[in-house]
Amino acid sequence: MPIIRGGSSKGGTTDDVDTADAGRQDEAPPGKKEKEDRNYVKAVCKCEPSPPVIRVSPKTLERRNIMCGDCMENFAAEESA
């Protein structure tokens, strides 16, 4: 008896579709987490007269250099007044 494998576009049914990963309506979509408690800091570069502002986690700002594409300086946590 010959071995028949899937992959043909003839005669297939939609019952073959695996819906296990589709998720339920009462669940959060895959890849989305519950709302996180974010303690982002305000970081600025050296651009004048008004530097752009980004919000980033303190840990990321500590671990990585985030460079402004205009002034080519790294963003740093804004000093509070």
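A disulfide is taken here as a pair of cysteine sulfur atoms within 2.5 Å, and a search of the whole structure finds 0 of them. Cys45 is accordingly in no disulfide, and the nearest cysteine sulfur, that of Cys47, is 3.5 Å away. For Cys68 the closest cysteine sulfur is that of Cys45, and at 3.7 Å it is too far for a bond.

The model is a predicted one, in which local features need pLDDT of at least 70 and side-chain atom pairs count only at pLDDT 80 or more, whereas totals for chains, interfaces and linings use all residues. Residues are numbered from 1 along each chain as its sequence is written, and side-chain values use heavy atoms, with hydrogens and water left out.

## Burial and the nonpolar core

Burial is judged by relative accessible area, with buried meaning under 20%, exposed over 50% and partly exposed in between (1.4 Å probe, protein chains only). Cys45 counts as buried because its relative accessibility is 7%, and Cys68 is buried with a relative accessible area of 5%. Across the protein chain, buried residues make up 11% of the 81 residues.

A nonpolar core is a set of buried Ala, Val, Leu, Ile, Met, Phe, Trp, Tyr and Cys residues joined through side-chain atoms within 4.5 Å. The largest such core has 7 residues, namely Ala43, Cys45, Cys47, Val56, Leu61, Cys68 and Phe75. Val56 is in contact (heavy atoms within 4.5 Å) with Tyr40, Val41, Ala43, Leu61 and Ile66, leaving aside its neighbours within four places in sequence.

The protein chain exposes about 8000 Å², of which carbon and sulfur atoms supply 47%; accessible areas come from the Shrake-Rupley method with a 1.4 Å probe, and for residues only the protein chains shown count as cover.

## Helix, strands and sheet

Helices (H or I, at least four residues) and strands (E, at least two) are DSSP runs, numbered from the N terminus. The protein chain has 1 helix and 3 strands, which follow the pattern β-β-α-β when read along the sequence.

The 3 strands form an open sheet in the order S2-S1-S3, with antiparallel pairing, and its edge strands are S2 and S3, each of which pairs on one side only. Two strands are said to pair if DSSP finds at least two bridges between them; S1 and S3, which run antiparallel, are joined by 2 bridges, and Val44 stands opposite Ala76 in S3.

## Around Glu78

Glu78 is found in the segment after S3 and counts as partly exposed, at 39% relative accessibility. Not counting residues up to four places away in sequence, Glu78 touches Lys42, Ala43 and Val44. Glu78 and Val41 are 37 residues apart in sequence, yet their C-alpha atoms are 7.9 Å apart in space. For the protein chain, among contacts between residues at least 6 apart in sequence, 31% join residues at least 24 apart.

## Backbone features in two loops

Most residues other than glycine have a negative phi, and most peptide bonds are trans. A cis peptide bond, with omega of about 5 degrees, joins Glu48 and Pro49, and Pro49 lies in the loop between strand S1 (41–44) and strand S2 (53–56).

Met72, although not a glycine, has a positive phi of about 60 degrees. Met72 is found in the loop between helix H1 (58–63) and strand S3 (76–77).
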